[in-house]
Amino acid sequence: MAAGGRGWFRGLALGVSLLKCLLIPAYYSTDFEVHRNWLAITHNLPLSQWYYEATSEWTLDYPPFFAWFEYALSHLAKYFDPKMLVIENLNYTSHAAIFFQRLSVIFTDILFIYAVHECCRCVNGKRAAKDILEKPTFILAVLLLWNFGLLIVDHIHFQYNGFLFGLMLLSVARLCQRRYLEGALLFAVLLHFKHIYLYVAPAYGIYLLRSYCFTANHADGSLKWRSFSFLHLTLLGLIVSLVSALSLGPFIVLGQLPQVMSRLFPFKRGLCHAYWAPNFWALYNAVDKALTVLGLKCNFLDHTQIPKASMTGGLVQEFQHTVLPSVTPLATLICTFISILPSVFCLWFKPQGPRGFLQCLVLCALSSFMFGWHVHEKAILLAILPLSLLSVQRAKDAGVYLILTTAGHFSLFPLLFTPPELPIKILLMLLFTVYSFSSLKSLFRRERPLLNWLETIYLIQLVPLEVFCEFIFPLTPWKWHYPFVPLLLTSVYCALGVTYAWLKLYISVLTEKASVRQKAE
């Protein structure tokens, strides 16, 4: 980024940081207690008890690097409110505790801000504009720094996604800058902070193998097998091994690796989260519910055999479908693997450089979101944020971005269900969505429209859906008999948009011609 352009970036970063400060008194979820408990566990107990302690239901279930991160924070937390570090103080809150935890999220977002700055440097500058507001780098900075989903998930709902996405975006930037070892190191560290990023590991693995371990292509873009560098492969292996040893080594020595793994991968939590993430399984569950209702009305099913527990009732548990076959963790793993394969093959056989890597990363994230086991609705951000980098470079990707972002962000609305946060989430969503549409439309004004009429109608229908769920439904008697309806409608309708965006991006990637630019030997 040019030296003269740094002022506007600092202004955007400062502005969003001030907004985060204004959100400190807002509603926070049970994730606040989750992280308070982890602060207490890591502060008071020896390493050998971290993954065994179970006084609270919110046991430590993140990888070791995040546990050490909580340990470091705990030594600052004791100066704000020592009582928050008492393990037995379940659901403890105080003004000092809230202020510290909110401030810790804001402060660690510095890494995210730096990563966005580095990503902006990687943007193709061919679309130069006289007006700074129409520059791709400016638009990208706003789309990332002011991302609606990240704002409400981290700074209202409460989590530490900002600095984790900062690690991911910084690794992406380093790979785009051909600083492969730095990118690999950052991603390896990220995996040991939060294992959800395993979703996109295939994109990293194949791209590093294709672009770093093989050092040259033929003129037609095909691989020169003789260009394989065993040294490069060894360096990558050393990075992964050393990071893994540093993270998991102490638990291997203690003989606790199986216990750590059981915490990280709790398959007994069930197919879906308490609120269905808008993915394929939400549609699957909805069809099962519809068939159940139809079966009961037509006397095809015995009502005494129907389980009373509802998957949208706020329970995190194993669930058996009534009509359709029940889904096992192995089935979701197979579906996820199959859905990722085409994108990985494209990355290998149709290399497109950093853009191809980003496309594969987004498709891996979306495929895992679509078919994964116990997927959280917040995981949609894993696809939205990297897709932002593609959206400012091609009109096709911008159209997919607008659909995915609007549907994905809307699906996060049920996370904020308290009345005071209603105007906040609507206003922030409206501002971000209007800016996304107007800025990308201006950026690609010389090309075809970003959305067709059917896509436009789909997105517009989100407005009456929100009005019904937030204002009309609570006034009806259905609220007492069918309390799950707003969640079901939101999840299923958004799942249609997310699925469509996933398919549209996949078709675009599969039908794209391979690049024939020869890599320098």
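This is a predicted model: local features need pLDDT of at least 70, side-chain atom pairs count only at pLDDT 80 or more; totals for chains, interfaces and linings use all residues.
**Rings in pairs**

Numbering starts from 1 along each chain as its sequence is written, and side-chain values use heavy atoms, with hydrogens and water left out.

There are 45 aromatic pairs in the structure. Rings of Phe, Tyr and Trp (its six-membered ring) pair if their centres lie within 6.5 Å; planes under 30 degrees apart are stacked, over 60 edge-to-face, and the rest tilted. Take Y180 and Y207: their ring centres are 6.4 Å apart and their planes meet at 55°, so this pair is tilted. Y180 belongs to helix 8 (residues 180-191) and Y207 to helix 9 (residues 201-213), so the pair ties together parts 27 residues apart in sequence. Helices here are DSSP runs (H or I, at least four residues), numbered from the N terminus. Y180 and Y207 are both buried.

Back to F187 and Y204: with centres 3.8 Å apart and planes at 10°, the pair is stacked. F187 sits in helix 8 and Y204 in helix 9, so the pair ties together parts 17 residues apart in sequence.

Elsewhere, ring pairs link a cluster whose members include Y28, W38, F66 and F193.

The charged end of R210 sits over the ring of W348, 5.6 Å from its centre, and K289 lies over the face of F484, 4.8 Å from the ring centre. For this, NZ of Lys or CZ of Arg must be within 6 Å of the ring centre and within 35 degrees of the ring normal.

Terms used
Helices (H or I, at least four residues) and strands (E, at least two) are DSSP runs, numbered from the N terminus. Buried means under 20% relative accessible area, exposed over 50%, partly exposed in between (1.4 Å probe, protein chains only).
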